[in-house]
Amino acid sequence: MSQVVEAAASEGPSDGPGEQLADPATYDGLALRALTKHFGSFYAVRDLDLDVPRGSFFALLGPSGCGKTTTLRMVAGLETPSSGAITLSGKDITYAKPYQRPVNTVFQNYALFPHLDIFENVAFGLRRRKQKDVDKTVREMLELVELDTQARKKPAQLSGGQQQRVALGRALINNPEVLLLDEPLGALDLKLRRSMQIEIKRIQTEVGRTFIHVTHDQEEAMTMADTVAVMNHGVIEQMGAPAELYENPRSTFVANFLGQSNLIEGNIKNRAADIVTVDMHGIDVSIPAPRAHAPGDRGWVGIRPEKVLIGEVGEELDAPGNTIPGGVVSDVSFVGVSTQYLVRMPWGQELQVFSQNTGRHRLFAVGDQVELSWRPEYAFLLDAAQDAFAGAQKLDSDG
Amino acid sequence: MASTAGTAPVAVTDIKETKDASGRRRGRVGYLLLLPAVIWLGLFFVVPFYSLVATSLFDPSGSDSRGYEMTYHVANYWNAIQDYKGPLLRSLLYAGIATGICLVLGYVLAYAIAFKAGRWKNLMLVLVIAPFFTSFLVRTLSWKLILADDGFVVDALQTLHLLGDDGRLLATPVAVVAGLTYNFLPFMVLPLFASIDKIDHRLIEASGDLYANPIVGFFRVTWPLSLPGVVSGTLLTFIPSAGDYINAQLLGSPNQRMVGSVIQSLFTDANNYPAAAALSMILMLLVLVMVLLFVRRAGTEELL
């Protein structure tokens with residue numbers, strides 16, 4: 001395990017999250033500074049710097065074991081950091097006990113109290129802090145999570161989705177400055193998960209609190225969060241708005257973990273102020289300079305499958321772009337709204353192409369000669385030292 | 001059920017029939033499985049119990065050699081209460097104190113084994129049961145040595161002036177309660193452990209996350225969730241210690257006589273079978289009533 005971590009560390013987040021960090025003493029959100037947690041020689045979280053703005057919906061996204069849950073547990077106070085600091089609204093809470101910080105958690109398996117009914121589960125935090133108007137506040141919260149008719153049932157009598165909402169209400173009722181959600185939808189089936197995503201997003205907009213959502217599901221992170229931080233091996237690989245991360249990944253891990261990417265090896269020929277030109281197996285392609293993240297003279301040219309256009313040999317392009325001839329269709333899967341092709345290129349690599357079935361093209365068949373092209377503004381360039389398959393998802397799992 | 005039958009009679013009879021068919025098969029196997037225990041209990045509990053009830057109503061003037069006459073002599077019960085209310089109350093008191101001490105000691109121990117012992121968990125459980133490898137009698141006799149007037153415990157207490165120079169432990173209530181506590185502690189620890197070990201640790205984390213400090217969290221989450229173990233441990237400790245006569249006999253004096261010793265001597269020495277039987281019945285009824293009150297009070301039927 002430690003070998004992997006060291007490899008990742010040397011590989012490094014070459015240009016890090018990139019943004020300027022705020023001064024934790026005056027910052028009104030949640031600030032993590034050089035936060036580290038190790039268990040023996042295994043580093044779960046390493047030197048993490050992070051600013052979570054007040055009122056934002058923030059997602060920590062990464063594969064299992066990347067350190068996202070450990071980070072969350074340190075913010076909740078359930079895990080003591082090995083070093084570093086956590087400040088919330090300018091107050092240092094690094095070593096505060098869980099019951100002393102204005103942070104509440106929606107636990108992965110909800111952790112509802114089985115001996116208390118729904119009402120008392122939701123009222124638990126209020127009663128501990130001797131709040132007034134418990135009855136009224138709990139009723140309002142039960143309405144918000146649409147469980148007002150279930151108040152006197154025990155958790156075991158509710159469905160998974162309802163239990164999920166109890167857990168959410170039980171945490172939210174305390175008006176936490178930060179609400180932590182630890183894989184809150186992991187135990188629900190796909191359809192319920194979709195509707196809960198919308199539900200949680202609605203509640204967040206309504207209460208306007210900071211939500212930090214930990215998940216390994218990239219689609220969930222992208223649909224719900226304003227800002228996504230992609231974590232791998234205890235460090236943040238990249239952080240930004242979902243569209244920004246998706247369109248302009250800075251590492252092969254992000255390129256593969258968020259959606260899918262074609263990564264093609266190339267030699268960098270020329271670096272101009274705004275355009276980087278790469279020789280890709282004898283074909284010159286250009287990439288906008290802000291999208292080039294390769295320091296050396298070699299790199300991975302990246303392009304998302306849905307950005308690749310497929311056409312007949314010699315067909316005129318609808319826009320100026322990088323054109324790569326000599327492809328042969330090797331696999332076709334027709335999905336209905338779109339078709340997914342695998343195209344074998346002259347240098348032996350198979351590229352993925354997602355083509356909308358707009359009717360502009362015929363459906364290509366296996367063995368057809370095709371030309372691929374893409375608009376240069378969609379391509380990106382990544383460090384050749386990184387593993388082209390880092391973060392790639394296996395076909396049979398969503399993790 | 002009645003309303004369902006009214007709205008959809010056909011469907012209900014269908015369901016009922018299939019249920020009956022499978023139910024009958026399950027029932028037969030169930031009865032067969034019950035049979036050995038039912039025969040055993042019938043022979044060795046119901047029959048003797050009937051004989052005990054009958055004996056408690058015999059004419060007390062009879063004797064072993066002359067035989068007894070059934071006269072429905074209910075006064076046996078009144079006489080037993082009159083003559084032995086001291087040992088009866090003492091039994092309940094000693095058993096109650098011993099159960100209370102067992103609960104405190106046992107809870108701490110079970111909590112430590114369940115939550116803190118880590119890889120030593122199994123070893124510690126074996127150690128809890130280890131005393132059962134020697135006989136009850138031998139273990140109680142060894143307490144007699146430990147608490148003896150010239151033993152190290154008394155010496156130490158006298159040196160510390162916690163006990164007067166002529167003070168002793170043996171033949172005092174302290175010795176009897178200590179013996180009861182020692183002998184029945186495992187019966188408390190095991191059900192408590194089973195209950196506490198099942199508690200999801202994340203619930204305790206959740207209580208901390210919801211502003212309960214560790215002490216409040218314990219009383220709001222851990223304790224209520226361990227109640228089934230508390231109730232069964234308390235019953236398993238209280239019931240046998242209320243009827244115990246070994247500890248009082250070996251570690252106490254006639255002043256610490258518990259009702260168990262009285263019943264034993266009435267049966268074996270005085271040969272007063274009707275009184276002994278009546279006293280046994282009284283003890284049983286007292287314990288039964290206390291247990292019912294306790295279970296009601298603890299409200300365990302509401303728990304998982």
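## Domains of chain A

Domain bounds, as the word is used here, come from an automatic or database domain assignment. In this predicted model, that assignment divides chain A into domain 1, made up of residues 2–102 together with 176–247, and domain 2, which covers residues 260–383. Between the C-alpha centres of domain 1 of chain A and domain 2 of chain A there is a distance of 34 Å.

## A hairpin in chain A

Strand β9 of chain A, residues 227–232, pairs with β10(A) in the antiparallel sense, and five bridges link the two strands. Where this pairing is followed residue by residue, N232(A) is found opposite V235(A), which belongs to β10(A). Together β9(A) and β10(A) form a hairpin that leaves two residues between the strands, and H233(A), which lies in the turn, has a positive phi of about 50°.

How many residues of strand β10 of chain A are buried? For this strand, which spans residues 235–240, the count is six of the six, so β10 of chain A is largely enclosed by the rest of the structure. A residue is called buried here if 20 or more other C-beta atoms lie within 10 Å of its own.

## The helices of chain B

Chain B contains 12 helices and zero strands, and its elements, read from the N terminus on, accordingly run α-α-α-α-α-α-α-α-α-α-α-α. Of the 304 residues in chain B, 30% are buried. When contacts in chain B are taken between residues at least 6 apart in sequence, 70% of them join residues at least 24 apart.

Terms used. Residues numbered from 1 in each chain as written. Chains lettered and ligands numbered in written order. Predicted model: local features only at pLDDT ≥ 70, side-chain atom pairs only at ≥ 80, totals over all residues. Buried ≥ 20, exposed ≤ 12 C-beta atoms within 10 Å, placed from the backbone. Helix = DSSP H or I, 4+ residues; strand = E, 2+ residues; numbered from the N terminus. Pairing = 2+ DSSP bridges. Contact = placed C-beta atoms within 7 Å.
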